[in-house]
Amino acid sequence: MTTVGFIGSGSIGSTIARLAVEAGHQVVLSNSRGPETLADTVAELGPRATAATSGEAAAAGDIVVVTVPVKAFPNLPAAPLAGKTVIDTCNYGPDRDGDIPELDGTSLTSSELLLRYIPDAGLVKAFNTIYFKHLLSLARPVGAADRSYLPIRPRRSVELPTGHHPFVTRPDLVVDQVQALSHRA
Ligand SMILES: NC(=O)c1ccc[n+]([C@@H]2O[C@H](COP(=O)([O-])OP(=O)(O)OC[C@H]3O[C@@H](n4cnc5c(N)ncnc54)[C@H](OP(=O)(O)O)[C@@H]3O)[C@@H](O)[C@H]2O)c1
């Protein structure tokens, strides 16, 4: 069993949390407004779910999912994320995030921007290319003919153990390309 911490528990965060709980993992949710505002979500997810501050969720997670608007990057807790595998689902959207010149100019990717705030995290870009409702509705077991495949890209220094990583071994979240991509490091 793995504990997955969540910084951000909105559309994507709560969907990944649900899939993780269904797979037998613990989840620790957080948002910007405080753990008490996540009571309904925690109740719905059941006994494997708890809520905490974002710093506590980061500290508790064996893996941490950062799934927030890009404009929230400066507020992320860097210290507890140091050395951890951090799944980055985030996409830049000027309408929501405001104009960020480096991202408008494409001199930087949003993940490179994220690394400025959490420089010691083992960042893995994943789940940023699928609509949250499809993440749930398109879940399929290994071998299903209509299974979806998602791109995943680890930071150069990050190795994803394909045999033990919950987001790799999970049948409905499996990303078969992960092995090839992780060998690019
Ligand atoms: N929705 C999709 O289908 C989809 C698909 C792929 C990628 N993405 C990307 O994934 C990210 C999350 O998207 P979403 O649709 O899940 O957004 P969302 O529903 O708006 O949820 C955002 C979450 O981030 C939390 N948050 C904001 N600032 C925070 C902070 N400083 N510390 C901790 N938590 C904070 C929010 O908490 P509060 O509510 O308390 O403010 C909320 O729980 C975005 O970058 C988005 O572009 C979304």
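1. **Ground rules.** Residue numbers start from 1 along each chain, in the order its sequence is written. Because the model is predicted, local features need pLDDT of at least 70 and side-chain atom pairs count only at pLDDT 80 or more, while totals for chains, interfaces and linings use all residues.

2. **The overall picture.** The protein has 10 helices and 7 strands. Here helices (H or I, at least four residues) and strands (E, at least two) are DSSP runs, numbered from the N terminus. Of its 185 residues, 34% count as buried. A residue is called buried if 20 or more other C-beta atoms lie within 10 Å of its own, exposed if 12 or fewer, and partly exposed in between, with C-beta atoms placed from the backbone.

3. **How is the sheet ordered?** The 7 strands form an open sheet in the order 3-2-1-4-5-6-7, with mixed pairing. Its edge strands, each pairing on one side only, are strand 3 (49–51) and strand 7 (153–154). Two strands are said to pair if DSSP finds at least two bridges between them. As background, strands of a sheet pair through backbone hydrogen bonds, either parallel or antiparallel.

4. **Walking across the sheet.** Begin at strand 2 (residues 26–29), which runs parallel to strand 1 (residues 3–7) and is joined to it by 3 bridges; here Gly5 stands opposite Val28. Strand 1 is also parallel to strand 4, with 4 bridges between them, and Phe6 faces Val65 there. Val65 has Ile87 as its bridge partner in strand 5, and Ile63 stands opposite Thr85. Strand 5 then pairs with strand 6 in the parallel sense over 4 bridges, where Ile87 is opposite Val124.

5. **Are the two sides of strands 4 and 5 buried or exposed?** In strand 4, Ile63 and Val65 point one way and Val64 and Val66 the other, and all are buried. Strand 5 is covered on both faces too: Thr85 and Ile87 on one side, and Val86 and Asp88 on the other, are all buried.

6. **Helix 1.** This helix has 12 residues and reaches 17 Å from its first C-alpha to its last, close to the expected 16 Å. The expected span is 1.5 Å times one less than the number of residues. Its buried residues are Ile12, Gly13, Ser14, Thr15, Ile16, Ala17, Leu19 and Ala20. Just after the helix, Gly24 takes a positive phi of about 100 degrees.

7. **Helices on the sheet.** Helix 1 lies across strand 1, strand 2, strand 3 and strand 4 (63–66), running at about 160 degrees to strand 2. Helix 7 (residues 110–117) packs on the sheet as well, touching strand 5 (85–88) and strand 6 (122–125), and its direction makes about 155 degrees with that of strand 6. Contact means that the C-beta atoms of two residues, placed from the backbone, lie within 7 Å. Axes are lines fitted to C-alpha atoms, for helices over the stretch in contact, and angles run from 0 to 180 degrees between N-to-C directions.

8. **Which residues lie closest to the ligand?** They are Gly8, Gly10, Asn31, Ala72 and Cys90, among the 25 residues that surround the ligand; a residue is near it if its C-beta atom, placed from the backbone, lies within 6 Å. Helix 1 (residues 11–22) gives the most to this shell, with 3 residues.
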